[in-house]
Amino acid sequence: METNGNEEVTSLYSLSCRDRRFSKHIHDNVHGNIYLDPFFLQFVDTEQFQRLRELKQLGLTHMVYPGAVHSRFEHSLGVYWLAGEAVHTVQGHQGSEINIERNDIRTVKLAGLLHDVGHGPFSHLFEREFLPRVLNGSEWSHEDMSVKMIDYIVDAQHIEIDAAILNNVKEMVLASSANASQNTVNEKRFLYDIVANGRNGIDVDKFDYIVRDSRACGLGCNFQFQRLLETMRVMGDEICYRAKDYLTVHKLFATRADLHRTVYTHAKVKAIELMVVDALTLANGELSISASIQEPAKFWKLDDSILRQIETSDKQELKKARDLVLRIRRRYLYQFCNEFAVPKDKQEHFKDITPQDIVCSQKNGDTPLNEEDISVSIVKIDLTRGRSNPLERFGEALLACISTSSIKFFQDYESDYKFPIRDERISHLLPAFCQDMIVRVYSKKPELVGAVSKAFENYQLKTYGMKAQVHDTPEKKKRRV
């Protein structure tokens, strides 16, 4: 068994080396040289994939962190490369025991390459904030559009690809989404956890963006994905990790949460996002931005440049949207008033707060406010599983179909036993609660910061019987005009 496995690994390694003679290589600032053979170049060298160069990975974050100008193009190349490294790792460790074939490797790498090809402009703002507003609660997702775009690229570019590979690629792209197939093949199920892991959230997508985003924003990153990538092992058709790497796994989720708190949902970033959503909403009637979301032939032409299109247009119909974009350029932003963290015991039944709730909290004699003067942002930050710890047992109400821990570990390579680990078995310093929910309120007009802040305080007193915010809004900000 061992000899046959080693022979197969050697064969795959030799094949990989031979293929590099016919490959192009790209030097990536995170992973070094990335090699693309002709099969993958068929997809990369298309206008649909090249569009990813025009989509910033972090949307509007570069307006606060100037270095965050990297695109989904390099992220997709990074996920492609790490997907290949992951599948080669388990193949190298376990040989023919898990029967990975050449088509399996090609499928996983292609899923990594194309997993974001259906992404909209401005990171997740497009699908989570803009579309639900203009399409009354739209549940459109970039994963679903990626699947449509993959089919479109294959047809439009006349790419010859095995139907089974194509189908498996699409299922891998959807693996962590709400629309993941419930009929995914039982054989080699672990392959579907490499790019987008719907079982426990550990995947090469996160490996890449955590390191890449941290570097672009000038932040340190203590998470070392290499430690997990090099020691992962397939047991019982799922990827498991060494018990000694428990804290590294925890650091993956903690680092991701920290990036959400300090970068992705930075108060100033959210102010700009709120303004862009308002601008896109105002421009939607004239530019039909939302009309393209079901048609790949139109959608691939939509990217971050839509903001520049609004800014430079002289159409009267776009004046209000244009004025908002100009406010962003001139740093005349919506003003952050204050925020509070929703108490832990109130999160389960928390109801979204609206501008109307703030306006209705005003008292007689206060400066009158309209709903149009206020923006409310609800920020949720977790470890990928809401209020649950992804390293521990899921509650039955959360996911009844899983009766064991979401992440499994093994003692060493001599052991065939996999097991979950609870936090308290490792450290008492790890967090006991796994979700933050933050309510932020913004005034669209600087002269109303004081009135909005006071109404927001009244809302907190009325709802919680106390001021939940950490401190009052600074007097200097209230006086700003």
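Which are the buried residues of helix α8 (residues 163–173)? They are Ile-165, Leu-166, Val-169, Lys-170, Glu-171, Met-172 and Val-173, where buried means under 20% relative accessible area, exposed over 50%, and partly exposed in between (1.4 Å probe, protein chains only). Please keep in mind that this is a predicted model, in which local features need pLDDT of at least 70 and side-chain atom pairs count only at pLDDT 80 or more, while totals for chains, interfaces and linings use all residues. Residues are numbered from 1 along each chain as its sequence is written, and side-chain values use heavy atoms, with hydrogens and water left out.

**The protein as a whole**

- The protein has 18 helices and nine strands; helices (H or I, at least four residues) and strands (E, at least two) are DSSP runs, numbered from the N terminus.
- Of its 481 residues, 55% count as buried.
- Among contacts with a separation of 6 or more, 73% join residues 24 or more positions apart; a contact means heavy atoms within 4.5 Å.
- The accessible surface is about 22,800 Å², and 46% of that belongs to carbon and sulfur atoms; the areas come from the Shrake-Rupley method with a 1.4 Å probe, and for residues only the protein chains shown count as cover.

**Nonpolar cores**

- The largest nonpolar core holds 111 residues, and Phe-43, Leu-113 and Phe-207 have the most contacts inside it. Such a core is a set of buried Ala, Val, Leu, Ile, Met, Phe, Trp, Tyr and Cys residues joined through side-chain atoms within 4.5 Å.
- Another core, of 21 residues, lies apart from it, with Leu-369, Ile-374, Leu-448 and Val-452 among its members.
- Leaving out residues up to four places away in sequence, Phe-207 touches Leu-82, Ile-202, Phe-223, Phe-225, Leu-228, Leu-229 and Leu-252.

**Helix α8**

- The cover over the buried residues of α8 includes α5 and α7 (142–156).

**Helix α12 and what follows**

- Helix α12 (residues 267–287) has 21 residues, so at 1.5 Å a residue it should span 30 Å; its end C-alpha atoms are 29 Å apart, which agrees. The expected span is 1.5 Å times one less than the number of residues.
- A kink of about 25° in α12 is centred on Thr-281; the bend at a residue is the angle between axes fitted to the seven residues ending there and the seven starting there.
- Most of α12 is covered, as 15 of its 21 residues are buried.
- Ser-288 follows α12 and lies in the loop between α12 and α13 (296–299). Ser-288 is not a glycine, yet its phi is positive, at about 50°, and its relative accessible area of 40% makes it partly exposed.

**Two buried loop residues**

- Thr-46 sits in the loop between α2 (38–44) and α3 (47–50), and is buried, with a relative accessible area of 2%.
- The side chain of Thr-46 reaches the backbone oxygen of Phe-43 at 2.8 Å.
- Setting aside neighbours within four places in sequence, Thr-46 is in contact with Ile-153 and Gln-157.
- Phe-122 is found in the loop between α5 (102–114) and α6 (125–134), and at 4% relative accessibility it counts as buried. Its phi is near 60°, a positive value in a residue other than glycine.

Note on methods
A polar contact is a pair of N or O atoms within 3.5 Å; within protein, one must be able to donate a hydrogen and the other to accept it, and residues adjacent in sequence count only if both atoms are side-chain atoms.
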